[in-house]
Amino acid sequence: MTRQRLWRRIRQDYGPYLPLSPYLFVVLFPFYWMLITAFKRDSDLYNLTTAPFWFKEPPTLAHVKLLLEGTLFLTWLQNSLLIGVLVVLITLALALPAAYALARMRFWGSQTLSTGMFLSYLIPPTLLFLPLSQLVRGLGFTDSIWALVAVYPSFTLPFCTWLLMGFVRTVPREIEESAQIDGCTRLQAFRMIILPVIVPGIITAGIFAFTLTYQEYIYALTFVSASANKTISYGVTTDLVRGDVFYWGSLMSGALIGALPVAIVYAFSLDHFIHGLTAGALK
Amino acid sequence: MSQVSRRQFIGIAGAGAAAATAFPHVWIRPAWAQSKEVRVLAWSHFVPSYDKWFDGFAEQWGTKNNVRVIIDHIPHLQIPAKIAAEVATQSGHDIVQLVGSGTEKWSDALLDVQDLADKLGKKYGGWTPLAENYSKVKSGTFHSIPDFFIDFPGLYRKDLWTEVGMPNGPDSWDDLHKGGMKLKAKGSPIGIGLAHHDDSRASWRAIMWSHGGAEVAKDGKTITYNSKEVREALKFNKALFKDCMTPEVLAWDDSSNNRFLASGRGSWIHNPISAYRTIESSNKELADKIYVQLSPKGPAARRSFANCRAYGITKFSKSVDGAKGFLEALVDNYREGAKASTGYNMPFLKNYAKPPFPIISEDPKLKPLEQDAEYHFTTGYPGPLTPAADEVYQQFVLVDALAQFCTDKMDLEQTVKWGEEKIKAIHAKFA
């Protein structure tokens, strides 16, 4: 193969990836950093005389061991997953009918309500945690994971309702009307016509609700104290950041393992998610 | 045989997993409620072995006294938000740890514990003035039981300071400036954070107090920031920043000076011994070169900053006697706790403040810390730790003023005027 042909071949095969590489570098570098820090010895990590991007000393599993054996990491992971799944179910159960009503039905104040719904998402949690404390206490959920299950929909619900409204609007009104002419009630039309069509939207809303819940910190801090009830984002910082002492290796191990469930959720629903995003963008 | 579809299998398996995960949360709670319990909100101690001891001690005391003691550890910076939420709902922990902000701030929510403070004071030779300042409220009674304070000594590289003729480290701030200049030229600067984090507001106060300056007078009300002493301290601080440090200190957090020393580049930091302890566990060779000294003295005196810890009993506690019993036992076992903290916890009771100290007196490197109770003061010095003084501390007023002066954004007079106005505005809010 001549030099010229080889060069052309390389350009054809790898050329399209070139514009992608700066993006990939920016997106993947934090994960790479987490990965090597999770397995670096402390003495290697603090050594400023060597290039920080690779190991100078042999890798170690000490940080992962500390995370798994010295903390309640697996319990926190389990709590986060349970809370995430329950919040997704509650959010979808409430957001779907709300989105349908706001998108399809015309009633007094519907426009204001839909705008207000979205604006309520913008209220910072730091302003809400004191009044929500009263609510949590009233429900008898103080210091349990149910406090978070009850509180998290306060920020997932407005966003997901607003998101789902866009999807419901993409379904032609005529399809639903045809179903009703054929004998469906409004509820049946919603269940049998609207829901199957907006599945990508439901998945998108579910993923958003899950990730928003999974990464939440301030409410978890306020409403939960017992170690066994902590979530991953809260538990990791509690046990591995001690004042001016940061356990970087274990923190990075925690971040890496903690990112896996989200990565899996995204990986398995990527096609629906992308479809959902683009469909939601167009009416 | 009936067939189970893939969808059904996933549904059943998912429901089963969710039920198994949720089961303990549903089932265990009612059993908890039946037992007599004391719940304690505490920080995650800088030294993990202390938390291990503390949790074990609580369990042992609980078993002996038939009380279930639950210790909840959270990061110290988040404790005020947690207490605020509990006060708002009048429910939560029986005992809350007060981390740095003093007792007055929470006095409305805490029980008067003068009886217990008197009992303990009598048993252990009386409370130090620092303890009284931290735990007494306006009415003059204890509303919290002092636990320990965190000192701010100097940590220095003996090998590097020997090269500049100070083998025992810089005894005065002026020595630090002189030696620091030479060491920076050799590639080993000193480091004191000048940013929004705990260590910054502690260290720069230590220098100001050592120069005879203060933000407020002994009455806790008269603002004294506009003074000759504060001006001298500001000028010195600027020289120290420019001549002995690198601008990275403007972006530091509490862990940065630890990393700076651990990297082998830093020659001196102003920090509790946690930095030394961390290096000891990760780089023995470097740790051997690091020594601990008294916080340097200034033209007026040797004064450093104490970050205090105390425990208050909440008014909504349903187990006041249990809470008092637990705190009494904790103070009785102070030396055991200090040992578990590897010399990090410093005493508040006069008898405990007499050598020999656990760990500290046994280690020649740490021996200078035996004197720390004598020259450590806290927010609001020379006055009481009022909510106004705490607010000045929390809002980083002194750090911001100094940072603007050091980076030439303001001249000396502008800095003093800016700082004074900010401090006066905060105090006016609480007047």
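So, Asp408(B): just after helix H17 of chain B, this residue takes a positive phi of about 65°. Keep in mind that this is a predicted model.

Let's back up into the helix itself. H17(B) covers residues 397-406 and is mostly covered, with eight of its ten residues buried. Those are Val397(B), Leu398(B), Val399(B), Ala401(B), Leu402(B), Ala403(B), Phe405(B) and Cys406(B). What do they pack against? Four helices of chain B: H8 (198-210), H9 (228-244), H16 (387-394) and H18 (412-430).

Staying in chain B, have a look at strand E10, residues 307-313. Seven of its seven residues are buried. Both faces are covered, too: Asn307(B), Arg309(B), Tyr311(B) and Ile313(B) sit on one side, and Cys308(B), Ala310(B) and Gly312(B) on the other. Which strands pair with E10(B)? One is E3(B), residues 95-99, which pairs with E10(B) in the antiparallel sense over five bridges. There, Val99(B) has Arg309(B) as its bridge partner. Another is E4(B), residues 145-150, joined to E10(B) by five bridges and also running antiparallel. In that pairing, Pro146(B) stands opposite Ala310(B).

Okay, over to chain A, and a helix pair. H9(A), residues 153-170, packs with H12(A), residues 199-214, at an angle of about 160°, and the axes are 10 Å apart. The crossing is right-handed. On the H9(A) side, the contact is made by Phe155(A), Thr156(A), Phe159(A), Cys160(A), Leu163(A), Leu164(A) and Phe167(A). If you sort that contact by class, you get ten nonpolar residues, four polar and no charged ones.

Last thing, the interface. How many residues of chain A are in contact with chain B? It's 29 from chain A, against 37 from chain B. Several elements of chain A supply at least two residues each to that side, including helices H3 (42-45), H5 (73-104) and H8 (145-151), as well as strands E1 (241-242) and E2 (245-246). Which one gives the most? That's H7(A), with five residues.

Methods:
Residues are numbered from 1 along each chain as its sequence is written. Chains are lettered from A and ligands numbered from 1 in the order in which they are written. This is a predicted model: local features need pLDDT of at least 70, side-chain atom pairs count only at pLDDT 80 or more; totals for chains, interfaces and linings use all residues. Axes are lines fitted to C-alpha atoms, for helices over the stretch in contact, and angles run from 0 to 180 degrees between N-to-C directions. A crossing is left-handed if the near helix is turned anticlockwise from the far one by less than a right angle, and right-handed if clockwise. Two residues are in contact if their C-beta atoms, placed from the backbone, lie within 7 Å. Ala, Val, Leu, Ile, Met, Phe, Trp, Tyr, Cys and Pro count as nonpolar, Asp, Glu, Lys and Arg as charged, and the others, Gly among them, as polar. A residue is buried if 20 or more other C-beta atoms lie within 10 Å of its own, exposed if 12 or fewer, and partly exposed in between; C-beta atoms are placed from the backbone. Two strands pair if DSSP finds at least two bridges between them.
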